[in-house]
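I am opening a notebook on a structure that I have not looked at before.

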Amino acid sequence: MNDNPINFTLRQLHSVFASPLAWGIMVAVGAIAGITGPFSTFDQLAPAPRIAYWMAIVIASYGAGTVGATLAQSLILPKGGPLLARIAVPGIGSSIPVTAAVVLISWLFFPDLSDTGLSLFELYVYCLLISLALMAVVEGVFEPQLERRRAQSAQETAKAPKILERLPKDIRGTLSHMSMADHYVEVHTDKGKSLVLMRLSDAIAEAEEVRGMQVHRSHWVAAEAVSAIKRVDGRVVVMLRSGHALPVSRSYLAAVRANFPNA
């Protein structure tokens with residue numbers, strides 16, 4: 001895919017106008033402005049034209065601002081930059097086309113633009129301040145939250161063992177241990193347990209993302225689930241934080257003690 005600034009900007013513009021949430025916000029803001037009539041429009045326009053005017057202003061400004069901000073960001077800060085730059089560059093970039101859009105729409109409703117009570121310079125200053133304020137909110141509040149969510153989601157996806165995909169959704173959680181039960185494997189998580197028809201060796205292979213080990217020919221345990229290694233009735237068992245106790249085969253005993261020296 002050609003990822004030049006123009007194509008990237010067009011994709012951003014399409015994503016905005018294909019989003020029901022974006023349309024909901026634009027219609028809501030346009031309706032509120034149309035009803036309240038800021039900047040003397042309440043006195044100068046009847047209710048229907050006033051709502052139409054502000055709807056057009058909001059929708060055109062949203063589109064023009066997206067184009068200006070995205071182009072400026074792509075051309076000047078393609079690899080990002082300091083927070084102030086990420087606010088200033090798209091803010092200034094969006095303010096110019098937004099001002100042009102507001103002037104054009106205002107001219108359609110007010111042939112004599114002096115009726116708006118604002119000079120072109122004053123209008124640009126308003127558009128610039130609003131654009132900078134929006135960019136400050138986006139870059140200073142929304143983007144850090146989105147980045148944290150993306151990182152958390154990526155981390156959870158990377159750590160999720162394949163074996164969990166075989167479990168009911170309400171059971172999928174942190175893997176604790178797995179035990180053979182006839183021809184099934186009983187998979188335990190912090191949210192419950194479920195039987196899966198497969199061999200233990202195959203289940204262990206699907207849990208390779210989780211640090212753990214086989215402690216018995218019928219049992220596998222996650223390292224984070226182990227609380228202690230004890231001798232009970234002459235047999236060595238692995239005690240789990242969940243309260244379960246799993247027997248340790250003699251052939252696995254040395255490896256268990258080596259892997260869980262603090263248990």
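**Entry 1: the cores.** Before looking for cores I wrote down the term: a nonpolar core is a set of buried Ala, Val, Leu, Ile, Met, Phe, Trp, Tyr and Cys residues joined through side-chain atoms within 4.5 Å. Buried means under 20% relative accessible area, exposed means over 50%, and partly exposed is what lies in between, with a 1.4 Å probe and protein chains only.

I also noted that the model is predicted, that local features need pLDDT of at least 70 and side-chain atom pairs pLDDT 80 or more, while totals for chains, interfaces and linings use all residues. Residues are numbered from 1 along each chain as its sequence is written, and side-chain values use heavy atoms, with hydrogens and water left out.

Which residues touch the most other members of the largest nonpolar core? I found that they are Ile163, Leu175, Met178, Val187, Val221, Val256 and Phe260, in a core of 31 residues. Among the elements that give two or more residues to this core, I listed strand E1 (175-181), strand E2 (184-189), helix H7 (200-205) and helix H8 (250-259); helices (H or I, at least four residues) and strands (E, at least two) are DSSP runs, numbered from the N terminus.

I then followed Ile163, taking contact as heavy atoms within 4.5 Å. Leaving aside neighbours within four places in sequence, Ile163 is in contact with Leu175, Met178, Val187, Met198, Ala203, Glu206 and Ala207.

Entry 2: Two packed helices are described by the angle between their axes and the distance between the axes. The axes are lines fitted to C-alpha atoms, for helices over the stretch in contact, and the angles run from 0 to 180 degrees between N-to-C directions.

I began with helix H1 (residues 5-17) and helix H4 (residues 47-76), whose axes come within 9 Å and cross at roughly 150°. That makes H1 roughly antiparallel to H4, since angles over 145 degrees count as roughly antiparallel, under 35 as roughly parallel, 65 to 115 as roughly perpendicular and the rest as oblique. The crossing of H1 and H4 is right-handed; a crossing is right-handed if the near helix is turned clockwise from the far one by less than a right angle, and left-handed if anticlockwise. The residues of this contact divide into 11 nonpolar, six polar and no charged, where Ala, Val, Leu, Ile, Met, Phe, Trp, Tyr, Cys and Pro count as nonpolar, Asp, Glu, Lys and Arg as charged, and the others, Gly among them, as polar.

Thr66 counts as buried because its relative accessibility is 13%, and Thr66 touches Gln12, Leu13 and Val16, not counting residues up to four places away in sequence.

I turned next to helix H2 (residues 20-36), which packs with H4 at an angle of about 140°, their axes being 8 Å apart. H2 and H4 are therefore oblique to each other, and their crossing is right-handed. On the H2 side the contact includes Trp23, Met26 and Val27, and on the H4 side it includes Trp54, Met55 and Tyr62. By class, the contact of H2 with H4 has 14 nonpolar residues, two polar and one charged.

The last pair was H4 and H5, which pack at an angle of about 150° with their axes 7 Å apart. That makes H4 roughly antiparallel to H5. I counted 18 nonpolar, seven polar and one charged residues in the contact of H4 with H5.

**Entry 3: single residues.** Is Ser249 buried or exposed? Ser249, in the loop between strand E8 (245-247) and H8, is buried, with a relative accessible area of 15%. Its C-alpha atom and that of His216 are separated by 4.9 Å, although the two are 33 residues apart along the chain.

Phi of Ser40 is near 70°, and Ser40 lies in the loop between H2 and helix H3 (41-44). Asp182 has a phi of about 60°, lies in the loop between E1 and E2, and is exposed, with a relative accessible area of 73%.
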